[in-house]
Amino acid sequence: MRRSQDGRRGYTLIELLVVIAIIAIIASLIIPMFLDALQKGKQKRTMAELRLVGGCWMAWLTDQVGSGAAGKKPRQYDLGTLTQITAEELLNSLYVSQTFFYCTEVPQLDAWGHEYEYYVNGSTLLAPQVMAIRSTGRDGVFSDLTYTLGPFVATDYDEDVLWADGMFMYYPAGAAIVNPPQSPP
């Protein structure tokens, strides 16, 4: 800081440029972390909604059929064996009456603003694959109808998230996955 001719103190141009450079460096470090945290929050909200609606759906299924299917998890999940339904149709089946309900609301959009897809086996509720809910992830594009089950890298926000038959079948799980867990044959 130096004094001007009339005795006032002020900052030099170099001092101001150094402060601006320091602020720019700090911002360049913080902004990417903030944007990643926003995407992670959307991913977690979507997973929470899938878990909530899926739990309501499983409770309904348990009451309708007696119990949910038990057994080992398959290696793939094929949505082509199920019938797609709307969120409104699902809500109508879950919201039985004013006094007894499973869910009062079934979300239509995930945290990124893309529509969920709901699937149900219309022929029998005792089939190996009964119900599924999926989200597109950030990119808004669904993968194929068949999923190789297991986790994916949690920071890949474009991956679909699949909840089916009482559990997550395709889901974010931590850092890079070198050897995904294999279910026994």
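Where does Thr104 lie? Let's start there, everyone, and keep in mind that what you see is a predicted model. Thr104 sits in the loop between helix 2 and strand 5. Is Thr104 buried or exposed? With a relative accessibility of 55%, Thr104 counts as exposed, because the cut-off for that label is over 50%. If you look for Leu91, you will find that Thr104 is 13 residues away from Leu91 in sequence, and the two C-alpha atoms are 7.5 Å apart in space.

Now let me step back to the whole chain. The protein has 2 helices and 10 strands. Reading from the N terminus, the order is β-β-α-β-β-α-β-β-β-β-β-β. There are 185 residues, and 32% of them count as buried. If we take contacts between residues at least 6 apart in sequence, 62% join residues at least 24 apart. The accessible surface is about 11,400 Å², and carbon and sulfur atoms account for 60% of that.

On to the inside. In soluble globular proteins, nonpolar side chains tend to be buried together. Here, the largest nonpolar core contains 36 residues, and Trp57, Tyr77, Leu94 and Tyr118 have the most contacts within it. Which elements give two or more residues to this core? They are helix 1 (13–65), helix 2, strand 5, strand 6 (131–135), strand 9 (161–164) and strand 10 (167–172). Helix 1 contributes the most, with 8 residues. Do have a look at Trp57 on your screens: leaving out residues up to four places away in sequence, Trp57 touches a set of partners that includes Leu90, Leu94, Tyr118, Met131 and Ile133.

Next, the charged pairs. How many salt bridges does the structure hold? There are 3. One joins the side chains of Arg45 and Glu49, at 3.3 Å from N to O. Both residues belong to helix 1 and are 4 residues apart, about one turn of the helix. Arg45 is partly exposed at 41% relative accessible area, while Glu49 is buried at 17%.

Another salt bridge pairs Arg134 with Glu117, with the closest N and O atoms 2.8 Å apart. Arg134 is in strand 6 and Glu117 in strand 5, so this pair ties together parts that are 17 residues apart in sequence. Arg134 is buried, with a relative accessible area of 3%, and Glu117 counts as buried too, at 15%.

Then there is Asp158 with Arg138, where the closest N and O atoms are 3.1 Å apart. Asp158 lies in the loop between strand 8 (150–152) and strand 9, and Arg138 in the loop between strand 6 and strand 7 (146–148), so the pair links parts 20 residues apart in sequence. Asp158 is partly exposed at 28%, and Arg138 is partly exposed at 37%.

Let me finish with Asp110, back in the loop between helix 2 (87–94) and strand 5 (117–120). Asp110 is buried but has no salt bridge. What Asp110 does have is a polar contact of 2.6 Å, side chain to side chain, with Ser135. Apart from neighbours within four places in sequence, the residues in contact with Asp110 include Arg45, Glu49, Tyr116 and Thr136.

Terms used
Residues numbered from 1 in each chain as written. Predicted model: local features only at pLDDT ≥ 70, side-chain atom pairs only at ≥ 80, totals over all residues. Heavy atoms only, no water. Buried < 20%, exposed > 50% of the residue type's maximum accessible area, 1.4 Å probe, protein only. Lys, Arg positive; Asp, Glu negative; His and termini not counted. Salt bridge = Lys/Arg side-chain N within 4 Å of Asp/Glu carboxyl O. Polar contact = N/O pair within 3.5 Å; in protein donor to acceptor, adjacent residues only side chain to side chain. Contact = heavy atoms within 4.5 Å. Core = buried A, V, L, I, M, F, W, Y, C linked by side-chain atoms within 4.5 Å. Areas by Shrake-Rupley, 256 points an atom, 1.4 Å probe, with all protein chains shown as cover.
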